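Me: I've got a protein structure open and I'd like to go through it bit by bit. Can we do it as quick questions and answers?

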Amino acid sequence: MTENPTHETPADRTLARHDVPDPLRDDVRMLGGLLGQVLVESGGQELLDDVERLRELAIKAHDARDAEGAAALDEAIALVQDFSLERAEQVARAFTCYFYLANLAEEHHRVRVLRQRQASALTEDDSLSEAFEQLEAEVGRDEALRRVQALEFRPVLTAHPTEARRRAVSGAVRRISDLLVERDHTQSGGTTQAESDRALLAEVDALWRTSLIRASKPEVLDEVKAALAVFDATMFDTFPRVYRRLDDFLLNSDAGRRAPLARPFVSLGSWIGGDRDGNPNVTSDITREAAALASEHALRALETAAVAVARKLTLHDSSTPPSAELLALRQRQAQRDAVLSSDAVSESPGETHRAALLVIAARVAATQARNADLQYAEPQELEDDLRVVQQSLVDAGAPRAAYGDLQTLIWQVQTFGFHLAELEVRQHSQVHAAALADIEANGVHGELEERTVEVLDTFRAIAAVQQRYGVRAARRYIVSFTQAPEHLAAVYQLAEHAFGDQDDAPVIDAIPLFETFDDLENSVDILEQVLPLPAVQRRLEANGRRVEVMLGYSDSSKDVGPVAATLALHSAQERIAQWAERHDLVLTLFHGRGGALGRGGGPANRAVLAQPPGSVEGRFKLTEQGEVILARYGDPVIAERHIEEVAAATLLQSSPSVEKRNAEATAAFADMASRLDATSRARFHELVKAEGFPQWFAQVTPLEELGLLPIGSRPAKRGLSVNSLDDLRAIPWVFSWSQARINLAGWYGLGTALAAFGDLDELKRAYREWPLFSTLIDNIEMSMAKSDEHIAERYLALGDRDDLAQLVLDEMRLTREWVLKITDSDWPLAGRRVLGRAVQLRSPYVDALSLIQVRILAALRHGVDEGTEEATVDQLRHVLLLTVNGVSAGLQNTG
C-alpha cells in the first residue's frame, strides 16, 4: 500500500501542540497527571508504564507514516497482544478515563472563552442580536421584529441506542468539572490550591474506580430520567436567559423597564417514552409514566422558581400599592383556601404582591399533588394570575420588579407549561397496517393480537396525557416509513377504533416521516393525496393550516449513500416547501438529524443556512439525540450558545440575501448535483449490494457485539441476524463504522463522484458559493479526520473479503485526496485551527484503544484469545465495551 503524502508530519503535531491555548493545555496536563498518580496508586508503576508505552508507540505510529511508523504500529500491536485480558481491561479503562477528563477540560475551556466573550460585548458572531441587525438592514425594523417574535426553535430529545456513557460516570465527570471552575477562582499556591488539588485527585480516583459500563441495559424510564436531569441542571433556567439576552438587545436601555419585545421561541419535545418504532419496551403504560415524570419535574421547577421570586418581592403596599385586579385575585385566593391565604399574609405583612405570589406557588405545588381544591386546571390559568401580579407592579410604578424575575417565571410557564416537553409518539406504518387488518378480521371488540391491543392502548394513553396535562403535552404522532397516503389515514382510523363515538378522543396530528430515497422522491405525491382526508382537513381548520413533515437522514444515507442522500433531502425540502405554498399551508419541516455525520450531524446552524428557500420560514425542528443532548445542553453556557446559534440561523435563513444565495446556487450547480448524485450512488451500491456484504460488514465491525451490549433500551437490529441492511437500524450502521475508524457512512462514494466530475476549479467555486456543497464537504472532512486508514486496515482484515476491503480503502484514499484539493488543505481540518488541532492530538490515543478492540474482536470472531487461555466470551465482551466507551469518548461521537 502506498503512503498518503498528505498525512500530517511530526512537525505538524508539534505545531498542533503549540496551537492549543495555554489554559486548556495546562488543564489537560494537570488532569492527566492526576490520572497517572491514580493509576500508580491503584495498579502499580507497571500499569502506568504499560499505558505510557502504548501511548508513545501509538503517537509514533500515527505521526510517522513511514517504515519507522509501521514498525511502531507493529510493536504497539504486539504489546497489546501480550497484555493479559485483565491488563487489557485496565489499559482500556485508563485511556477511556483520560478521554473523559480531556473532554471535560475542552468543554471547560470553551465555557471559559464564551464567558469572556459575553462579558466583553453584547453582540457576538452567530448570535440572535447579530442576526437581527442583519435582517433589520434588509427588511426594516418592523418586519425584522415581526419575524423574531414569530421565531420557533423546537428541539426534540430522543434516546440513543448507542449512548455509551453511564449516568454515574457523567456525574463523576460533572463533579470534576465543578472543581475546575472552583480552581479558576482560587489564588495560586497556599492552602486553597492544595485543597483544590486534593479534591480533584479524590474525584479522579473515584472516576477510575467507578464502573464505566452498565451492568444491564437501561430501561426506557432510565433514559427519561437522564434527559430530565439535563432539564433540571440547565434547560429550565437557560431558555429564559436566552430570551432575556435577546430582549436586552432589542430594548437596549429600556430593558427591564418595559414589557419585553422578546417572546419565548423554544418549544421542547421528546420521543423518550413515546418512540415505540422497533422498541417493544415502550408501551402505553411507559408513555403515561414518562409524561407523569416530565410533569413532575416541570411543576417542581415552577414551584421552586415561584417561591424564589416571592421571597425577593418584598415591596411594601405603601410604596407599591396593589391594583384592584390584584386585590380581587387575593380575594379569590382566600375563598379557595382561607388558611393558606392567611398564612401568606402572616408571612408577608403589608406585602400584597408577595402574598399573592406565595399562594400562586402553593397552587403550583397542589397541581403536582393533584389537589383538586387548589390545583391549576391548565398553565394559562397560572400565567393569568402571574400577569395580574405583573400588571399591578407596573401600575404601581415598579416596572423593574414586574419585568425582572417575575417575567422570567412567566417565560418559563410559557415555555414548559405543566408538561415540560411535548411527548411525541412514533410507530412504524406496517404495525398500523397489521393492526387494521387484525381489527377488520376480528372486530374491534374481538380477540385481537397483543400488538393490536397495544396500538389501540397507545391512543388511549395519548388521550389520558392530554386530559391531565393539556393538548400541548402529546398530540403529534409520527409514522415511520410513510410510503402511501393510507399510512397517515391509518392513524386516524385506529384512533376512531380506540374510542368509537366517545367524546374523549384525543387530538391527533399525524406526521409523515419520509426516510428512504424513494420515499423522499415520492413525498409530494403522497402529501397531495393526504391533504383531502377529512381528518386532515379538520385539523388544518383547527390549527391555522399548520402542517408538519419529518425527513429521515439516517435511512436515506444507508439507502443511497451520504452524498445522494444529502442531495435528495435538499430536493425534497424544496419541493415540499413549494407544495405547502401552493396550498397556503404553514409548513414546519422536522429534521431527523443525528449527532454523527453519517446521520445528518454536524453544526446545526450551518445546516439551517444551507436549506432551500421557503423550507424554514423562521421555524426549525430537529432531533437531539443521546450524547448530543449532554454535549449541547449539559452546560448552561454551551446550551445558551447552541440555542442562540441555531435560532440566529433560523431567523437569517429566510432573509432575502440568504434565500437569493441559496436559490442561485441551487440553479447554478444543478448539473453538478445531478452528476455527483448518480456517480456516488452507483459507487455506494457497488459496495453495499455486493453479494455477502451484510455478513462481511458484521465481521469487520463490532456490529454483532454492540447488539448484545447493555448500551440502550432499543434493540440495535430489527431482526436477530444481519442478512440484509434493511434489517439494520441506521444508528448502529453509523456507530459500527465509527468504531472501526472507517466512518464509511459519512463519506463513501464522494471520492469517486468528485474524480468523475473532474473539474477542480468548478468544485472549488461550488465550495465557495454553494452552502449545501460546502457544508457537505466540511462535514466529510471532519469524518475523514476521525478515520484512520492504517487502523481501518486492521478491522478490515477481520473479514474474508479482500475485494470489499480494497473497495473501502481505495474510496477512502480517493475521497481524502479530493476533499483536501477542494479545501486547499494539507490534512483534514487544517483550516479549522482549534478543532483540527484537537482531533490531531487525540487521534493516537484513540488508535491505542482501537488496537485493543481489534484484538478482542479477533478473539470473539475466532473463539480464541491468544493473550489468555481461559478468557470467556463475557469477559471479552466486557473489555470490548470498555473500548467502545473509550473510542466514542475519544472521537466525541457514537451513532
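Me: How many bridges join strand 4 to strand 5, and which residue of strand 5 is the partner of histidine 428?

Reply: Strand 4 covers residues 425-428 and runs parallel to strand 5, with four bridges joining the two. Histidine 428 has its bridge partner in strand 5, and that partner is serine 480.

Me: In what sense do strand 5 and strand 6 pair, and which residue is the bridge partner of arginine 476?

Reply: Strand 5 and strand 6 are linked over four bridges, in the parallel sense. For arginine 476, look in strand 6: the partner there is aspartate 509.

Me: What is the order of the strands in the open sheet, and which strands are at the edges?

Reply: Nine strands form the open sheet, and their pairing is parallel. The order is 3-2-1-9-8-7-6-5-4.

Me: Is strand 7 mostly covered or mostly open?

Reply: Strand 7 spans residues 546-552. A residue counts as buried under 20% relative accessible area. Six of the seven residues of strand 7 are buried, which makes the strand mostly covered.

Me: How many bridges join strand 7 to strand 6, and how many join strand 7 to strand 8?

Reply: Strand 6 (residues 509-514) runs parallel to strand 7, and two bridges join them. Strand 8 (residues 586-592) also runs parallel to strand 7. For that pair the number of bridges is seven.

Me: Which residue of strand 9 is the bridge partner of phenylalanine 590?

Reply: Strand 9 takes in residues 619-625 and pairs with strand 8 over two bridges, in the parallel sense. Phenylalanine 590 finds its partner in strand 9, namely lysine 621.

Me: At about what angle does helix 18 run to strand 4?

Reply: Helix 18 is made of residues 429-442 and lies across strand 4 and strand 5. Its angle to strand 4 is about 75°.

Me: Are helix 21 and helix 24 roughly parallel or roughly antiparallel?

Reply: The axes of helix 21 (residues 517-530) and helix 24 (residues 562-582) come within 9 Å and cross at roughly 5°. Angles under 35 degrees count as roughly parallel. The two helices are therefore roughly parallel.

Me: How do helix 2 and helix 3 cross?

Reply: Helix 2 (residues 22-43) and helix 3 (residues 45-63) have axes that come within 6 Å and cross at roughly 135°. That makes helix 2 oblique to helix 3. Residues in the contact include Gly36 and Leu39 of helix 2 and Leu47 and Val51 of helix 3.

Me: Is arginine 370 buried or exposed?

Reply: Arginine 370 is in the loop between helix 14 (352-369) and helix 15 (379-395). Its phi is near 60°, a positive value in a residue other than glycine. With 53% relative accessibility, arginine 370 counts as exposed.

Me: And asparagine 743, buried or exposed?

Reply: Asparagine 743 is in the loop between helix 32 (730-739) and helix 33 (744-747). It has a positive phi of about 55° although it is not a glycine. Its relative accessible area is 11%, so asparagine 743 is buried.

Me: Where does pLDDT stay under 50?

Reply: The chain averages a pLDDT of 89, and 91% of the residues score at least 70. Where pLDDT is low, the predicted coordinates should not be read in detail. The stretches under 50 include residues 1-18 and residues 596-601.

Methods:
Residues numbered from 1 in each chain as written. Predicted model: local features only at pLDDT ≥ 70, side-chain atom pairs only at ≥ 80, totals over all residues. Heavy atoms only, no water. Axes fitted to C-alpha atoms, helices over the stretch in contact; angles between N-to-C directions. Parallel < 35°, antiparallel > 145°, perpendicular 65-115°, else oblique. Contact = heavy atoms within 4.5 Å. pLDDT = per-residue confidence, 0-100. Buried < 20%, exposed > 50% of the residue type's maximum accessible area, 1.4 Å probe, protein only. Pairing = 2+ DSSP bridges.
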